[in-house]
Amino acid sequence: TFFFLDYEGFREIQKNLVFSTIPTLEQRQGILTAAVRDPLTGTTYAAGTAIPMTNFARKVLNELPAPNVPGVVNSNYRELVPNRGYNDKFNIKLDHKFSDRLSVFTRVSHRKANNFEGPNIPGPSGSNQNGIINILNQQLVGGATYVFANASALDVRLGISRIEAGKKPPLTGGPSVRELYGITGLPEDRTITGGLTTQTINGYSQLGRQATNPQFQNPFNVNPRVNYSFTLGKHSLKTGYEYLAVNTDVQDTNPLMGLDTYAGQFSRPAGAPANALLYNLADFMFGARSQYEFADLLVVNLRRRLHYAYLQDDFKVNQKLTLNLGVRYEFATPYYEAQNRQSNYDPKTNSIIRAKNGSLYDRALVDPDYNNWAPRLGFAYNILDKTVVRGGYGIGYVHFNRIGSADVLATNFPQIT
């Protein structure tokens with residue numbers, strides 16, 4: 001019996017110098033360097049005249065730190081942004097040999113990461129960052145190898161893994177937007193409330209919480225496999241089958257607390273030259289946003305099933321030449337959702353199609369690919385006693401190619417509105 005135990009801890013604390021662009025103290029009083037027009041009332045305010053602003057805008061601006069880089073308009077605030085990474089992991093492995101023919105092993109692995117990425121601008125109105133990042137990885141693996149009397153061998157393994165990985169804003173769980181700013185109609189759920197909604201004033205650094213925060217992906221995988229090795233004359237053969245069940249809970253819709261954008265320069269008087277820093281800030285003060293985004297909170301349960309089978313032959317042709325021949329077949333279902341909460345747009349009919357019970361296509365809304373044959377060929381040729389030439393060719397397939405939420409059909413309308 002062999003027993004193995006290890007632990008590794010990692011602690012990293014660092015600060016990065018980051019520059020941001022925020023309104024000046026004079027601008028926060030509503031005093032601007034050019035005339036502006038209130039797009040809601042039509043009133044024009046001369047340069048240097050304090051313009052009225054919404055209570056929301058006044059509170060947001062007052063809760064910003066003062067610029068600390070003198071003599072500049074852009075990048076007028078600098079901050080040593082704190083970042084912290086705490087990681088702990090351990091492994092426990094046990095190998096046992098029952099006889100010359102039978103051996104088994106088991107392994108337990110655990111990793112936990114608690115990281116923090118601080119905001120570029122501190123305070124209640126501070127700019128967005130990932131904030132609190134929590135990752136939990138746990139794995140249980142077991143396997144057995146049995147050698148038969150004819151020198152063939154059977155290898156069986158099972159892996160089970162669980163991951164809980166996500167991020168949330170630093171002020172998560174705090175007061176809602178209604179409690180902080182008196183704005184109604186936004187979620188009161190304490191799992192997502194806390195902090196200022198995302199404010200994008202074109203020309204300035206983004207204020208408020210990160211628009212894509214919070215989010216998480218929690219996959220649970222079951223992965224059995226079996227391999228059988230044997231010899232036939234000059235042929236050393238190996239064949240096997242592997243199955244992978246992937247069940248992933250995903251929350252990847254945003255912005256859950258809203259996103260305001262001010263990029264229209266609606267406060268620019270007729271004939272005045274464009275000035276993003278001035279007129280978009282005035283739009284913010286007047287409450288004249290150019291775009292608003294909001295998404296529903298939805299946790300979907302994505303499912304995927306993968307099958308792999310192969311046959312491999314190491315053929316010793318003669319003393320100098322050995323060939324490696326093989327073929328592999330792979331089939332991976334497209335993602336489908338446990339409750340059929342998926343949809344897609346059909347340009348031919350100009351309509352939304354929704355997942356339903358039935359065939360794999362009916363549930364996934366993606367045609368499954370059954371043609372993933374992967375042949376491979378290799379050789380080793382002994383030219384001289386100490387010189388060997390090797391070569392090979394093979395085809396492989398990638399079944400996981402996710403970029404953001406680009407392939408998550410559950411985030412489409414009408415699940416998300």
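Q: What makes R289 and Y292 a charge over a ring?
A: A charge sits over a ring if NZ of Lys or CZ of Arg is within 6 Å of the ring centre and within 35 degrees of the ring normal. R289 lies over the face of Y292, at 4.3 Å from the ring centre. R84 does this too: its charged end sits over the ring of Y86, 5.4 Å from the centre.

Q: What kind of model is this, and how are residues numbered?
A: The model is predicted; local features need pLDDT of at least 70, side-chain atom pairs count only at pLDDT 80 or more, and totals for chains, interfaces and linings use all residues. Residues are numbered from 1 along each chain as its sequence is written, and side-chain values use heavy atoms, leaving out hydrogens and water.

Q: Why is the pair Y262 and F284 called edge-to-face?
A: The ring centres are 5.2 Å apart and the planes stand at 90°, so the pair is edge-to-face. Y262 lies in strand 11 (residues 259-262) and F284 in helix 3 (residues 276-286), so the pair ties together parts 22 residues apart in sequence. Helices (H or I, at least four residues) and strands (E, at least two) are DSSP runs, numbered from the N terminus. Ring pairs also link Y262 and F284 with F56 and Y181 into a cluster.

Q: How do you know whether Y262 and F284 are buried or exposed?
A: Buried means under 20% relative accessible area, exposed over 50%, and partly exposed in between (1.4 Å probe, protein chains only). Y262 has 4%, so Y262 is buried. F284 has 1%, so F284 is buried.

Q: What are Y228 and F230 called on that scale?
A: Y228 has 27%, so Y228 is partly exposed. F230 has 22%, so F230 is partly exposed.

Q: Where is V81, and what does V81 touch?
A: V81 lies in strand 4. With a relative accessible area of 2%, V81 is buried. Contact means heavy atoms within 4.5 Å. Not counting residues up to four places away in sequence, V81 touches Q14, K15, N16, V18, G118, P119 and N120.

Note on methods:
Phe/Tyr/Trp six-rings, centres within 6.5 Å; stacked < 30°, edge-to-face > 60°.
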